[in-house]
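We will go stop by stop, selecting residues as we move.

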Amino acid sequence: LYEKALAMTKAAFGEQHVDVATAYNNMAVVLEVQGELDRAMELYEKALALRKALLGDQHIHVAQTYVNMGGVLKTRGELDGAMEFFEQALVIQKAALGDQH
């Protein structure tokens, strides 16, 4: 179902659109829950690349993608890598939302 939605989104908006990044992210979430961590990470990486290119490195959606990627690494037991993603997300979140959020 998500693959069909992705194809429709690409057809409607082209490859370089934030909705395509969101579709990649949503597909990755489902794959992560299903335990397909390698494939989930691939799609998170696609979402991240698009979001950074279209929204900038400091956008809150970039931070959310870092959190998602950190979650995959945490599940894999790669805690140092997970912490790096979580720290990157925190920097962006603080810049975007402030320290008190």
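## A pair inside helix α3

Select E42. This residue counts as partly exposed, because its relative accessibility is 39%. Keep in mind that you are looking at a predicted model.

E42 forms a salt bridge with R39. The closest N and O atoms are 3.1 Å apart. Both residues sit in helix α3, which covers residues 37–55. They are three residues apart, about one turn of the helix. R39 has 35% relative accessibility, so R39 is partly exposed too.

## Out to the loop

Keep E42 shown and select G56. G56 belongs to the loop between α3 and α4. Along the chain, G56 and E42 are 14 residues apart.

Is G56 buried, partly exposed or exposed? Its relative accessibility is 24%, so G56 counts as partly exposed. Show what lies around G56. Leaving out residues up to four places away in sequence, G56 touches R51 and V62.

## α3 against α4

The crossing of α3 and α4 is left-handed.

Next, show the side chains in the contact. On the α3 side, select L37, D38, M41, Y44, E45, A47, L48, R51, K52 and L55. On the α4 side, select H61, V62, T65, Y66, N68, M69, V72, L73, T75 and R76. What classes of residue make up the contact of α3 with α4? There are 11 nonpolar, four polar and five charged residues.

## A stop at N68

N68 is placed in helix α4. Is N68 buried or exposed? With 13% relative accessibility, N68 counts as buried, because the cut-off for buried is under 20%.

Now show the contacts of N68. Setting aside neighbours within four places in sequence, N68 is in contact with N25, E32 and Y44.

## α4 against α5

Helix α4 spans residues 60–76, and helix α5 spans residues 79–97. The axes of α4 and α5 come within 8 Å. They cross at roughly 160 degrees. The two helices are therefore roughly antiparallel to each other. Their crossing is left-handed.

Select the α4 side of this contact: I60, V62, A63, Y66, V67, M69, G70, G71, L73 and K74. Then select the α5 side: L79, G81, A82, F85, F86, Q88, A89, I92, Q93, A96 and L97. Colour the contact of α4 with α5 by class.

Select R76 and E78. R76 forms a salt bridge with E78. Here the closest N and O atoms are 3.9 Å apart. That pair counts because the limit for a salt bridge is 4 Å. R76 has 32% relative accessibility, so R76 is partly exposed. E78, at 38%, is therefore partly exposed as well.

## Back towards the start

Jump to E15 and K10. E15 forms a salt bridge with K10, with the closest N and O atoms 3.6 Å apart. E15 has 46% relative accessibility, so E15 counts as partly exposed. K10 has 24%, so K10 is partly exposed too.

How many salt bridges does the count come to? It comes to four salt bridges.

## Last stop: E3

Select E3, in helix α1, residues 2–13. Its relative accessibility is 60%, so E3 counts as exposed. E3 and A23 are 20 residues apart in sequence. In space, C-alpha to C-alpha, E3 and A23 are 8.4 Å apart.

How values were computed
Residues numbered from 1 in each chain as written. Predicted model: local features only at pLDDT ≥ 70, side-chain atom pairs only at ≥ 80, totals over all residues. Heavy atoms only, no water. Axes fitted to C-alpha atoms, helices over the stretch in contact; angles between N-to-C directions. Helix = DSSP H or I, 4+ residues; strand = E, 2+ residues; numbered from the N terminus. Parallel < 35°, antiparallel > 145°, perpendicular 65-115°, else oblique. Left-handed = near helix turned anticlockwise from the far one by under 90°. Contact = heavy atoms within 4.5 Å. Salt bridge = Lys/Arg side-chain N within 4 Å of Asp/Glu carboxyl O. Buried < 20%, exposed > 50% of the residue type's maximum accessible area, 1.4 Å probe, protein only. Nonpolar A, V, L, I, M, F, W, Y, C, P; charged D, E, K, R; others polar.
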